[in-house]
Amino acid sequence: MKKPRYLVDHLYTADPAVHVFNGKLYIYPSHDIESGIPENDNGDHFDMRDYHVFSMESVDGEVTDHGVALDVKDIPWAGRQLWDCDCACRDGRYFLYFPLKDQTDIFRIGVAVSEKPEGPFIPEAAPIPGSYSIDPCVFCDDDGTYYLYFGGLWGGQLQRYRNNKAIECGHEPGDEEPALPPRVAKLSADMLGFAEEPHGIILLDENGQPLRAGDHERRFFEASWMHKYRGKYYFSYSTGNTHQLCYAVGDNPYGPFHYQGVILTPVVGWTTHHSIVEFKGKWYLFYHDSVPSGGKTWLRSIKVVELEYRADGTIQTIDGQM
Ligand code: FUB
């Protein structure tokens with residue numbers, strides 16, 4: 001396996017969502033900054049304020065920084081913390097989905113629109129109605145239907161919701177109960193809202209039982225990604241406090257998905273986050289670690305490495321310390 005490559009050295013960047021638009025790779029990362037806020041389980045130290053978009057014509061080639069694509073000061077409903085975003089193209093327009101706390105410190109998902117993949121993106125006046133939590137990932141199926149996956153525990157606030165409604169006191173289920181599910185909703189034709197109520201995604205273990213909340217090595221925490229390989233749907237995610245990137249496979253975009261294993265073992269840093277994309281006949285894992293900042297968990301750097309499938313469709317585990 002070839003060594004991973006760091007992609008950006010003039011900014012700290014994390015949570016890379018990558019897509020091929022117009023024959024090029026476009027990277028939509030978070031832009032990490034030194035906020036001076038002490039580290040805590042709520043993630044207050046991740047106080048990011050804008051997004052830059054990057055592009056590459058080849059995985060080994062030059063990386064172009066297209067500058068600021070969206071700034072928190074231009075988002076009418078903004079409170080704080082621009083976390084992991086993603087982008088989709090429909091009918092020649094580009095839609096950037098981003099999580100941001102509103103003025104009451106509740107994470108919602110916003111959308112901003114551009115005529116170009118690199119932006120600048122113009123934000124809608126309000127967040128997507130019915131949206132909550134973090135880490136939007138947009139997936140276009142072969143039939144042209146777009147789906148938004150989202151959710152994240154702890155600082156990502158997913159434990160504050162049941163059945164798409166906020167509950168009085170946020171909490172995780174007991175260890176033996178089914179884990180809190182990530183969510184998915186079809187997007188409306190104008191790409192600015194949900195076309196349906198979000199559904200919970202069930203991740204099943206080897207016995208066909210939902211992964212339990214106490215199964216921290218395998219249960220969903222945050223960082224959803226969806227890709228399709230040989231007709232199967234691969235849902236991948238971070239296990240958060242056990243720092244793995246895992247995946248589960250299903251037959252349709254809603255699941256259920258059967259747990260398969262680890263894509264990436266823990267990296268240097270606390271968070272782990274990724275995207276998987278095919279480009280010029282090869283598959284790649286884009287991810288981040290905190291090696292260049294000397295291990296500061298809130299100052300991360302994006303990387304890429306080739307991803308390999310076995311003949312049976314399983315993914316070869318990558319060493320996060322590589
Ligand atoms: O970058 C802030 C948060 O850290 C993301 O939204 C999570 O997925 C984690 O990577």
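Rings of Phe, Tyr and Trp count as a pair if their centres lie within 6.5 Å. I kept that cut-off in mind while going through this model, which is predicted.

**Aromatic pairs**

I searched the whole structure for aromatic pairs and found 26. I looked up Phe21 and Tyr26 to begin with. Their ring centres are 6.1 Å apart and their planes stand at 40 degrees, so I noted the pair as tilted. The angle falls between the limits, since planes under 30 degrees apart count as stacked and those over 60 as edge-to-face. I then checked the accessibility of the two residues, and both Phe21 and Tyr26 are buried.

Next I turned to Phe220 and Phe235. This aromatic pair is tilted too, with 6.2 Å from centre to centre and 40 degrees between the planes. I asked myself which parts of the chain the pair ties together. Phe220 lies in the loop between β16 (203–204) and β17 (222–229), while Phe235 belongs to strand β18 (residues 232–238), so the pair connects parts that are 15 residues apart in sequence. Phe220 and Phe235 are both buried.

I followed the ring pairs onward from there. They link Phe220 and Phe235 with Tyr149, Tyr237 and Phe257 into a cluster.

I also looked up a charge over a ring. The charged end of Arg218 sits over the ring of Tyr259, at 5.2 Å from the ring centre.

**Cysteines**

How many disulfides does the structure hold? I found zero. Cys85 is buried, with a relative accessible area of 1%.

Cys89 is in no disulfide either, and its nearest cysteine sulfur, also that of Cys87, is 7.7 Å away. Is Cys89 buried or partly exposed? I noted a relative accessible area of 24%, so Cys89 is partly exposed; the limit for buried is under 20%.

**Ser55**

My last entry is on Ser55, which I located in strand β4 (residues 50–56). Its relative accessible area is 3%, so I put Ser55 down as buried. The side chains of Ser55 and His66 are joined by a polar contact of 2.7 Å. I then listed what Ser55 touches, leaving out residues up to four places away in sequence: Lys24, Leu25, Tyr26, Glu62, Val63, Thr64 and His66.

Terms used. Residues are numbered from 1 along each chain as its sequence is written. This is a predicted model: local features need pLDDT of at least 70, side-chain atom pairs count only at pLDDT 80 or more; totals for chains, interfaces and linings use all residues. Side-chain values use heavy atoms; hydrogens and water are left out. Rings of Phe, Tyr and Trp (its six-membered ring) pair if their centres lie within 6.5 Å; planes under 30 degrees apart count as stacked, over 60 as edge-to-face and the rest as tilted. Buried means under 20% relative accessible area, exposed over 50%, partly exposed in between (1.4 Å probe, protein chains only). Helices (H or I, at least four residues) and strands (E, at least two) are DSSP runs, numbered from the N terminus. A charge sits over a ring if NZ of Lys or CZ of Arg is within 6 Å of the ring centre and within 35 degrees of the ring normal. A disulfide is a pair of cysteine sulfur atoms within 2.5 Å. A polar contact is a pair of N or O atoms within 3.5 Å; within protein, one must be able to donate a hydrogen and the other to accept it, and residues adjacent in sequence count only if both atoms are side-chain atoms. Contact means heavy atoms within 4.5 Å.
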